[in-house]
Amino acid sequence: MYLNCHTYYSLRYGTFSEVELLRLARDNGVTRLALTDINNTSAGLNFVRRAPEFKVRPLLGVDFRNGIDPCFVGIARDNEGYFELNRCLSRHLHEKIPLPDRAPAFARAYVIYPFEKVLLDEMTEFASHEFIGVSIRDLRRLPFTRVAEYRDRLVVLQPVTFRSKRDFNAHRLLRAIDNNVLLSRLPESEQACLEDQMYPLENLVAAFSGLEFILENTDRLMGECQTRFDFSENRKPQNLQTYTGRKEADEEMLERLCREGMPYRYRDPGPEVSSRLEKELCLIKEKGFVSYFLINWDIVSEARRRGFFYVGRGSGANSIVAYLLRITDVDPIELDLYFERFINLFRANPPDFDIDFSWKDREAITKYIFGRFEHVSLLGTYVTFKQRGIIRELGKVFGLPKAEIDQLCEGQYTPSRLDEVARLVLRYGELIRGMPNYLSVHAGGILISEKPIHWFSATHLPPKGFATTQFDMVIAEDVGLYKFDILGQRGLAKIEEALQIVRKNQPEAFKRIDIHDISRIKEDPRINRMVKSAQCMGCFYVESPAMRMLLRKLEVDNYLGLVAASSIIRPGVAKSGMMREYILRHRNPQRVKEAHPVLLEIMPDTYGVMVYQEDVIKVAHYFAGLSLGEADVLRRGMSGKFRSRDEFERVRAAFIANCRKKGYSESLISEIWQQVASFAGYAFAKGHSASYAVESYQSLFLRAYHPLEYMVAVLNNGGGFYRTEHYVHEARMLGAAIHVPCINRSGVVNRIEGKNIYLGFMYLKDLESRVMERIIRQREAEGPFTSLEDFLDRVPISIEQLSILIRIDAFRSTGAEKHRLLWQAHMLLSRGNPIEHPRLFPPQHSSYKIPQLHSTRLEEAFTELELLGFCLCSPFKLLAQPPANQYSSRHLPDFLERNIDIYGYLVTVKNTRTHSGKGMHFATFIDQDGEVFDTVLFPPVAARYSFRGKGIYRLYGKVVSEFGFLSIEVVKMQKQDYVPDPRYAEMKTASRLLPKRQESRRTPSPRPVSKDSASRPKRSR
């Protein structure tokens, strides 16, 4: 009897989930229920999936509203009707147009107009599919209105938004957040009524006693509605079924493409290759995944046609078919990649392909996909209310000052000392924690379906302009829609741009580069030496302090070692304690014998240690005796997305029960399960790690043979793990001469000429992008600027923007001194705002006599700090007191197990906590020679000393070695002062009294003067 039920997907309005709604229905004896969220269908599919558990027959619809004003409720008669409702809602959301007063003429959906709207709009005519909804609170007025005459059009429309007063309070908070007003000023018109609740069915029937015809109309309407989706284990995929239009043609095309790709990948394919290919093709056809492979092939083929750089990874990298189709560059035969991780008969979903493109190319590829296929959308996701966001939003709702909100967000408070309002913020925040706040876009998921996307969901239109579903990937997979991951990555953009720069800067060297000749690059001794010594700054995935540390500990000097390291570094393996165990077994073959014989047999390459996602399947299948289907459920369940699903719980129980049947000890069962549970969702598939390692080797190749061009590309694509200044520093260490921006040499981004790197205008704080574009456009059109006057004649610019360029010495190529230019600029631009277009005729400039002015290198450094955020000289030259010693990282071996006193410029800090919750820090520094060293501050030291931003610190601590990796366990730490800014050194506050004011000619009237006041200087008028 309930035709208007809201969940918290009625964003910033509803207060509980679709599962809670079903539970509420069961508790109130309701067996038929319509989900009608406000302008949203996010919960629809999961509502239908879960309804049988609660013995509820689910109906789907939409509560169409303009803002909070109800227009009409649409109820789908069947799947066609749901499609109509989704299409109507999507048009409204895409075009951002108000909904009409009257609903469209739906062919397979009913329309219910709220009682109040019928009265206000004086509706008198209703089509056969249109009804008037009456709530319990409307019953008092119904007999006294003309609406009572429409007996056959009246149905029950009792809104369900709350379960209790608690929900109502949460609702008011959400409405205040949505309206950006104080809670005390939230209008009643922006709120629902507390009575919008579900009542037991007998109470609802009693409320409509004497108006049984309304109940009968409602029952008849609901009886004619049924929406079905297949959520069974044997469901058919809903992705595009065929690529060519015929299943047989698809299969022939896939086989042909594999044959054509064989010579490119294998010069002399042996029986192992043929056997693996035949096995894969048979299973791909049997599972109905042929079109999935062909669509991915289509996408990467288009990328190659356009010259886009890409990397295919994910579990699909375990496939020889994907390798032959050039979807991936990972050879599964060479790496002995586990076939069952890629695909097995028990797996309902297709293999996972993550195809990375340069962040600059991704949008073009996405646009191609939307134009190439008919039914396409991006995959949605939900941004939920989390702690800091809740405090900020509710702090504003309750009127807290910003400073107090900041303190609450940072946790800088004592609960007992909080005032009542602050306590309210924290207490009421629990009411909305975890609720969806707004719809967003999945990081890279794209759906390409057989049916129109609106068959499953309405779509919204984010700023990029691509239609996006209102449900997430978990729900999509439940109904058989499997995403294509099209991702943007800066690492690929670095490789792509580095090659472009080499082509321009070293054209002869560029002709000898084949960045896709992975086999040669992997065997290059120069690159492998760099990996072993962790000389990886700027290189994809291997540049972080943690990765550098791991490479040194493992002494990785080959591709396969890097593949393993790429997965070992993941948080799950480290958390389980198996990263350390892997290092121990890698360095000490005798320790391998301690591994359980079954585990060692199924994972010999990793010494019996679970490192990859495949290892979860192997352990579950061979160690615990689960089927491959159950093992895959276990692997997916560990990702966190499915951890709460009943199917995962059943598999977990089966894992433990089977191990007991095999006679394993309880301690061993517990140990193995904890390893699986702690890391499976975070570890990579081996093929995924191998893909990462390929990209890492390509980055390392460019850094090894074209280091300056590569570092420019790194800088131009947003850097990486570290701040910009550290990549600038690395370029200098590699032999580059670094120059501040120049009006005649610089671009918006960085440029390189030989070994000279000219920083881009983009680093100049507050310099407007339109000014940068004008400079470059004029320089390209009419040649270099010869003087300040020439520049001003050609580039419209304000004195504030011009001052930035002059102060950074961007006019040095004209031969003018910047202090003189500043004087000159103020004189030339003293007459007001500049004209926003170039002058037709150059004006006559007056000549001025300007005093001789000079600046020191120290002054320039502080100007660079101000305008660029970093200086181009060594920061050690800015110290107020020179270092007391010259110790650097090269001295660490001499101080092993002894204390060292060393100075370091802070690069990065990783804050973490011990198992007991105490804070500690890992910090990386640059020494006086420009080399990197690492430190750790254990909890007692971390509690006593804190980092106070970037700068130079004096550190005292013990040099320790772990597996050959040297670091310093800090005992004492002190940040060092810089010299006072010399640009303002002579600005001193006057310490003497003002001179005595001369007596006025008129003698003032005598007045008594106290002793104290006589000693004070008089105020000037």
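This is a predicted model: local features need pLDDT of at least 70, side-chain atom pairs count only at pLDDT 80 or more; totals for chains, interfaces and linings use all residues.
F398 counts as buried, at 19% relative accessibility (buried means under 20% relative accessible area, exposed over 50%, partly exposed in between, with a 1.4 Å probe and protein chains only). Side-chain values use heavy atoms, with hydrogens and water left out, and residues are numbered from 1 along each chain as its sequence is written.

**Aromatic pairs**
- There are 38 aromatic pairs, meaning Phe, Tyr and Trp rings (for Trp, the six-membered one) with centres within 6.5 Å; planes under 30 degrees apart are stacked, over 60 edge-to-face, and the rest tilted.
- F398 and Y428 make a tilted pair, because their ring centres are 6.0 Å apart and their planes sit at 40°.
- That pair links distant parts of the chain, 30 residues apart: F398 is in the loop between α14 (387-397) and α15 (402-410), and Y428 is in helix α16 (residues 420-432).
- F540 and Y541 also form a tilted pair, with centres 6.0 Å apart and planes at 40°; F540 is buried at 14%, while Y541 is partly exposed at 24%.
- One aromatic cluster brings together F64, F72, Y113, F126 and Y150.

**Charges over rings**
- R151 lies over the face of F213, 3.9 Å from the ring centre (the rule asks for NZ of Lys or CZ of Arg within 6 Å of the ring centre and within 35 degrees of the ring normal).
- R326 has its charged end over the ring of Y264, 4.1 Å from the centre.

Conventions. Helices (H or I, at least four residues) and strands (E, at least two) are DSSP runs, numbered from the N terminus.
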